[in-house]
Amino acid sequence: MVNRYYAKISGTGHYVPEKVLNNFDLEKIVDTNDEWIRTRTGMFERRIAAPDQAASDLAYEASLKALESANLRAKDIDLVIVGTISGDHAFPSTACLVSKKLGIKNVPAFDVSAGCPGWIYASNIALQFVENGTSKNVLVIGVEVLTRIVNYEDRNTCVLFGDGAGATIMSRAEPKDISRVIDSDISADGHYSDLLIQPAGGSKMPATEQTVKDKLHTIHMEGNKVFKLAVKSMYSSCDLLLKRNNLDVKSIDWLLTHQANLRIIDALGKKMKIDKDKVIINIEKYANTSAATIPIALDEAIRSGKIRKGDIVLMSSFGAGLTSGSLLIRY
Ligand code: ACO
């Protein structure tokens, strides 16, 4: 017989590297300009990891802050899940490396490869573990060092990405707790897998001198096609969660979507008919940090007092796969 418990987000933290690369810096690297980037994407700055920083280093810093805000110690964590597509190595998992850095031993740790919704996927998995009573405190991280796999000669992609980490703790909620994870949805359609891909470096196309020369270890994207699917997939996922929980859009205090393009966020907001001032946006500061965008923005909004206890927050994302998913919480 499986017990059924509730889950809540009990702590959040984020970390971004110190080095800032803004649109004017990019003008010096590639044939682009501040005006194009701002009007087409809403981005202005992005952070770049230092040469000695890998995904696990960023994730570790974010995790310390999340633990502190949850008032927990590393030994209280009984599962570590990392959403990433730019982990330290193909293996071992970045989750194992973060566990080592935090001094966590003998608890399960694994990565989830789901592109930008990596943190949403990881949260959905954590939810199952907490709800069925297996875990009490799950460390759920979204982290990317995408600038290591960006081709700075390709203006179509290089302006879009940045590095960062967001960490959250999903804990068992007490029956009297106002905070609760209400519902979650994840989905994928592999038929669109070619639209957003790092072609080389895996078993299909192992690294050779030629693949490196041809820059096949970098991000390749058909931006236009992804754009249309992004709005569609996030809308259906949000709509499903609202309908399944008998909520209408007016009950949502905050909409927090993946920060990939301001025009995508605006188009989704419009389609959902949600007030503009209920939409959380930080894309101008960090650009697209893939799996890290939502947990970074969530932490910022909580720390700045924007999101308050009891607020209903709907989070939604899409990305390489193509994958999509949402998480609905009462904070
Ligand atoms: N600077 C100047 N001009 C540029 C740049 C640039 N950085 N990039 C492209 N252009 C040019 C193109 O060459 C093209 O010129 P042309 O008309 O002479 O051929 C023109 O601008 C228009 O290009 P489009 O690709 O049609 O521009 P669009 O308005 O679609 O914007 C963008 C491109 C920003 C990539 C947009 O399509 C987008 O945001 N797509 C979704 C990206 C995304 O969300 N990815 C998923 C997440 S990432 C992940 O999972 C890892």
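Me: What covers the buried residues of helix 9?
Reply: This is a predicted model, in which local features need pLDDT of at least 70, side-chain atom pairs count only at pLDDT 80 or more, and totals for chains, interfaces and linings use all residues. Residues are numbered from 1 along each chain as its sequence is written, and side-chain values use heavy atoms, with hydrogens and water left out. Helices (DSSP runs of H or I, at least four residues) and strands (runs of E, at least two) are numbered from the N terminus, and a contact means heavy atoms within 4.5 Å. The cover of the buried residues of helix 9 includes helix 8 (223-244), strand 11 (254-257) and strand 12 (312-319).

Me: Which residues of helix 9 are buried?
Reply: Buried means under 20% relative accessible area, exposed over 50%, and partly exposed in between (1.4 Å probe, protein chains only). Helix 9 spans residues 262-272, and its buried residues are Ile264, Ile265, Leu268, Gly269 and Met272.

Me: Which residue caps the N-terminal end of helix 9?
Reply: A polar contact is a pair of N or O atoms within 3.5 Å; within protein, one must be able to donate a hydrogen and the other to accept it, and residues adjacent in sequence count only if both atoms are side-chain atoms. Here a side-chain oxygen lies 2.8 Å from the backbone nitrogen of Arg263. The residue with that side-chain oxygen is Asn261.

Me: Which residues of helix 2 are buried?
Reply: Helix 2 covers residues 34-41 and is followed by Gly42, whose phi is positive, near 85 degrees. The buried residues of helix 2 are Asp34, Ile37 and Thr41. Seen down the axis, they line one face of helix 2, because they fall within an arc of 85 degrees.

Me: Which residue forms a salt bridge with Asp183?
Reply: A salt bridge is a side-chain nitrogen of Lys or Arg within 4 Å of a carboxyl oxygen of Asp or Glu. The structure holds 11 of them. In this one, the closest N and O atoms are 2.8 Å apart, and the partner of Asp183 is Arg244.

Me: Is Arg4 buried or exposed?
Reply: Arg4 meets Glu131 in a salt bridge, with N to O at 3.1 Å. Glu131 counts as buried at 13% relative accessibility. Arg4 has 67% relative accessibility, so Arg4 counts as exposed.

Me: Which residue forms a salt bridge with Glu300?
Reply: Glu300 is buried, with a relative accessible area of 18%. The closest N and O atoms of the pair are 3.0 Å apart, and the partner of Glu300 is Lys285.

Technical notes:
Arc of directions from axis to C-beta.
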